[in-house]
Amino acid sequence: METLRSAKPPCGGSIPPPASMIKHFLLSLLISVKAFDFSQAYQDYQYTLETYSNSFNYYQTARDSYLKNPTLTLKEEARKMTLEMLKNRDELMRVYLTAIKLRAEADVLNSRLDSEAIWYSNHKSNYQNGDTLTELFSKSNESENRYKIDTLPLIYYSLSYISYGDEVGLRKSQEEIYNNLKTIINEKVSAGKLDINPFNRWFSDIENIVQNLKSNESKAQSEMEKMFDETRSSPIGVYNTSLIPLTNSVILLTKLNNFLTEVSASIRNQQ
Amino acid sequence: MKTKINQLISQIKAFFQKYYANKKIFWATVIPVGVILLVIILGLLFGNRKNNKLNIATPTPQSQNQEAGQQNSQNLDPLINIENNLNKIKGKINDLDIKQLPLAPPIINYRIDF
């Protein structure tokens, strides 16, 4: 507030005319209604996580107080805190799934993450202010079952898919650059400005790395597909296994980038 | 000369007195004129200022021209574009977070019954 009060126009600047102020106000309004993106969704998630954590702490305090001194008043207080915490928990899952969806930006995941988020949204509205503790525990079990059976595999699949998508995107960008470099080399060789040696041998080294990257992508993908298999060990187990080839690919992506940089520098040196 | 001026002033005064006396004519004139003035003022405030500017090219300092020329030649060199893109990719590879740690599932305690 103090900084706002002391804010003055810069030296030599003039106070904006009313038209500029109106334009500025309208622009601010337009910016505030811009599309909801991952950054905003992640901020929402952080805020909701904090809200849930606070309500969980209040719930724990109220529950402990009641267990130490089981009066009707303390039971009612514990019931209210349990209700609030459970509603916040469903809201947290809804916001978290939305953040994942916006980070993944994948058509294959959008509808599944959306329907999962809708389930939590609907379930949250099932909680009634007059619910007894027994009813609240029963409704909490519904959330728990949903989380373990449907949500958790989808979360881990999505997280793997995000990393998989990031790596595929980088590999494709590198392949595009490689093709551009090959075109430049072939043109210069045809014009007699460049010798095809050693580029022809380097091409095969580069193509080997690309093949290894694609192979790792396939391995990761086939592991990820096991996520929804009922015979799988655990979602986190499948997730960790799918990350092994993707982790190995990071070294290959770096190597490929260095090779391409070297090819570009060699073209420049030979010119 | 003075008498002519005094006559003219008195004629103008008489005209305005008649004009203000007849309220129907007064409002019928003032309202359209007011609207026109309002439109002109709004036009000046919110109108496209580009139209008001003179199309006179601002002289550019020599050094800026040289920089622009260098940038153009850089953009024309495909190798420089490729190297820039490779640098960007290098940054993205370094920033890769395979485990997506910021998006790790929140820790939720489902054992809530008591």
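Select Asn88(A): apart from residues up to four places away in sequence, Asn88(A) touches Thr51(A), Tyr52(A) and Ser55(A). Contact here means heavy atoms within 4.5 Å. Asn88(A) sits in helix 4 of chain A. Asn88(A) is buried, at a relative accessible area of 14%. Buried is under 20% relative accessible area, exposed is over 50%, and partly exposed lies in between (1.4 Å probe, protein chains only).

Some ground rules before moving on. This is a predicted model, in which local features need pLDDT of at least 70 and side-chain atom pairs count only at pLDDT 80 or more, while totals for chains, interfaces and linings use all residues. Residues are numbered from 1 along each chain as its sequence is written, chains are lettered from A and ligands numbered from 1 in the order in which they are written, and side-chain values use heavy atoms, with hydrogens and water left out.

**Next stop: Thr82(A)**

Stay in helix 4 (residues 72-104) of chain A, where Thr82(A) is found. Helices (H or I, at least four residues) and strands (E, at least two) are DSSP runs, numbered from the N terminus. Is Thr82(A) buried or exposed? Thr82(A) is buried, with a relative accessible area of 0%. Leaving aside neighbours within four places in sequence, Thr82(A) contacts Tyr59(A), Leu133(A), Leu136(A) and Phe137(A), plus Ile112(B) and Phe114(B) in chain B.

**Then: a helix pair**

Select residues 133-190 and 199-225 of chain A, which are helix 6 and helix 7. They pack at an angle of about 165°, with axes 11 Å apart. Axes are lines fitted to C-alpha atoms, for helices over the stretch in contact, and angles run from 0 to 180 degrees between N-to-C directions. The two helices are therefore roughly antiparallel. Angles over 145 degrees count that way, under 35 as roughly parallel, 65 to 115 as roughly perpendicular and the rest as oblique.

Now show side chains. The contact residues divide into 12 nonpolar, three polar and eight charged.

Chain B averages 74, and 67% of its residues score at least 70. Confidence is lowest in helix 3 (residues 49-52), at a mean of 43, and highest in helix 5 (residues 78-95), at 95. Over residues 50-69 of chain B the pLDDT is below 50. Chain B has five helices and zero strands.

Key: Ala, Val, Leu, Ile, Met, Phe, Trp, Tyr, Cys and Pro count as nonpolar, Asp, Glu, Lys and Arg as charged, and the others, Gly among them, as polar. pLDDT is the predictor's confidence in each residue, from 0 to 100.
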